[in-house]
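Please look over the sequence and the model below before reading on. The paragraphs after it go from the whole chain to selected parts.

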Amino acid sequence: MTSTNYLYFIVKTKPQFPGLIHAGQICYIKESIYNKKQSVVERSPSSAKLSVFRLGSISSLDYDIEVSNMDKLSAQEAELLLALPEEERLTCFREREALQTALGLTLGTPVIVEEGGAKLRGIIRYIGPITETPLEPISGKFFGIELQGEDRGNGHTDGSYRETTFFTCEKNSGIFATFSRVRPVVPSSLSPSVPKDSAQTEAEGLNVGDRVTYFIDDKCRHGMVLYLQGDSVKISTDKDESGKRGGEVEVPLHAVVKGEVPAEPESMVVDSPPEEPDTEDLYTDLSVNSVVEVTLGDRNSYGIIRWIGTPLGRQEIMAGLELEEDKGVSDGTIFKERFFSCPNKRALFVKLQSCRPDSRFQSASADPCKKMLKLEETERETEHSAGKLDTVPPISTEQVKHILIGRMKGIQGHCNSCYMDAALFSLFSCSSVLDSMLFKSTEPQDAPIQRTLLKDIVNPLRSKGFVEGRHIMKLRQQLQAHGYSHSFTTDEKDPEEFLTVIMHHILALDPLLKLSTGGKVQESYCYQIFLDQNRLLLPTVQQLLEHSFHTAALKLAEAPSCLILQMPRFGKKFKMFDKIIPSLELDITDLLCEGPQQCMLCGDLAELECSDCFKESLFSHTGFKIFCGKCSTQVHSHPQRRSHQPTTLDIPKAYLASSKPHTLIRDKLELFAVLCIETSHYVSFIKHGPNSNDWIFFDSMADRQGESDGYNIPEVHACPEVGTYLEMSIAELANQVPRDMKGVAKRLFCDAYMYLYQSPSMCLYR
């Protein structure tokens, strides 16, 4: 059976008869039979019926369906729609855009595919059916995609399906997807060919009256569409070829772009002037993937060099830029010749000598210390004249999407700064628990560091969602100048080392943690979890903290407003556990040295604590160790527990003396951030809202395009997949293979280095 011998239809409304036919089903009829009935259909389109077969039916019966209940499909459209679930087909057919785009996709096309809520980059390696339907003329058409770059490993196949290989790629780096989940990276170059009439101009998005940018003899001009004819456009010009205003011109359709982009300058290959006479020497150090800036009109634009060469017969060395904003003129093409691929209106071609290293990323190579000191003096004078700085409130759940999500968001990585980037982002992006350190009085020599934290890092992060790498370098230079380490500007440190220097040595913040042991109180800023034995296979943070406190005979002297926990490790490279389950709430009631506590069995006032019972709980997911008198007697009546020696708890006398009934309130802390480490690189997760999927992931070096200069492109993205795993049972989580976990969830569960908890009163989403 061949698809060319048949015509296809999609049922758009459910007919009254027969009852087995539903909207969204795809039917077919032999073309020869249809041709015989075509005259009847054309005479009575509202009442004429066709005897059609239903694709996917286990029977070979045909059904009489009114033509008015169906819409005609091409064989290619039918194949694409057939791969979708029945309930999705009609919607995708009516929206058309994704369907028409899919018709133009070919092997080797770079695409973005939706998988598990994430958008992954890949290349099409296969187009066709993945299941056999030998008795039907067509089968559902799928796209086999090989994931690229960082998205490798986030798929579910190596290119095979049900023991049949359709393409080859690395394990879990392939995806089979329907067209509704696939979008080309460069949409404008992938539209299917259509007749050169009004349909084509509509596909190009042009209509009479639109403002457009058009190109003649390598010059860019603006005007308004007067009418569309075939593959050309008649335009009322703002300026003609001689520079005079007014006039009309007919331009080939391919040389017209909808909208005025860019307003300046007026050339598709831009002759942007160097900023300074000696700037020409700078471009000799530029190469593909360098991060640069270029002057367009009266402002600077920023982007990445994606191509260098001599297009269009020009003799100058040119650079093809992918801009950060939609200020370009194409998607990487010039007059239908492609030099690189990027989103539409992001590509711009300029002389290479017009490019300068991005000033936002500059490290002051000649004498960085002098330049930084001069900049600091200028900023200090500005602040003095403007008065004291105010803080910007943390980013709320509602603001996260608009302020934080995207590329060039978060804190820019620079020269081994990921430990500092991740720590600062975790502490200040969506929490105010430690904002007091930004305003407390400090020694005059330490004030510049506090000012840098507030003005250059915290406020820009919360207001713009981005902190430039130079500000992090400035902070590192200040710390190094204070003599705390001779390598703060070059070497990687531990987050706890950095936090201790800032909180204790610089800003003299009161210790966050007060621990009671043997009647003495010890103070600290972080707590390192230690275990004397490791028999927990899949622990929670709650269990690890309780076991560590018991092992060291520790209690909390008071409930902390912020608790920073370091996970147990044998150095940074060796983890004690393959996975750790994040505790979204940390119950510290039983860890406090003062105050009433509840019996772990009945909930009444606890009177006794048994360390021997706690040792038994080391090997289970229960922590029963604190009892009322009645429950303690019952528990220790067991022959194996008669040797246990419970100790009496200290209960406040005022609590015992009161005749009023008491409702015991449990003290809990809430998780707001997690720092993770893998191969000496730190990233962070932020829990910014009350829902299980309110998570974002931050990597200060997500795109290391500028790595040769020490600068990188940071990125923040949502990671709702984390919530899916947190809702699983312990047994389900235990069965999860780390490399198969979706998105970045594996990094949270397997690479956790430091957990940050705060008092519920500090949570913004309450």
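Predicted model: local features only at pLDDT ≥ 70, side-chain atom pairs only at ≥ 80, totals over all residues.

Residues are numbered from 1 along each chain as its sequence is written, and side-chain values use heavy atoms, with hydrogens and water left out.

The protein chain contains 18 helices and 44 strands; helices (H or I, at least four residues) and strands (E, at least two) are DSSP runs, numbered from the N terminus. Of its 766 residues, 50% are buried, where buried means under 20% relative accessible area, exposed over 50%, and partly exposed in between (1.4 Å probe, protein chains only). The protein chain exposes about 36900 Å², and carbon and sulfur atoms supply 49% of that area; accessible areas come from the Shrake-Rupley method with a 1.4 Å probe, and for residues only the protein chains shown count as cover. Among contacts (heavy atoms within 4.5 Å) with a separation of 6 or more, 61% are between residues 24 or more positions apart.

Glu77 and Glu79 are among the buried residues, as are Leu80, Leu81 and Leu82. The cover over the buried residues of α2 includes the strands β1, β2, β5 and β8 and the helices α3 and α4.

Helix α10 (residues 469–481) reaches 18 Å from its first C-alpha to its last, close to the 18 Å expected at 1.5 Å a residue; the expected span is 1.5 Å times one less than the number of residues. Just after α10, Gly483 takes a positive phi of about 90 degrees.

Glu293 lies in strand β19 (residues 291–296). Glu293 counts as buried because its relative accessibility is 3%. Its side chain makes a polar contact with the side chain of Asn300 at 3.5 Å; a polar contact is a pair of N or O atoms within 3.5 Å, and within protein one must be able to donate a hydrogen and the other to accept it, with residues adjacent in sequence counting only if both atoms are side-chain atoms. Beyond its neighbours within four places in sequence, Glu293 is in contact with residues including Tyr302, Cys355 and Arg356.

Finally, 3 strands form an open antiparallel sheet in the order β38-β37-β39. Strands β38 (626–627) and β39 (647–648) stand at the edges with a single partner strand each, so one side of each has no neighbour in the sheet. β37 (residues 608–609) and β38 pair over 2 bridges; strands pair if DSSP finds at least two bridges between them. Leu608 stands opposite Phe627 in β38.
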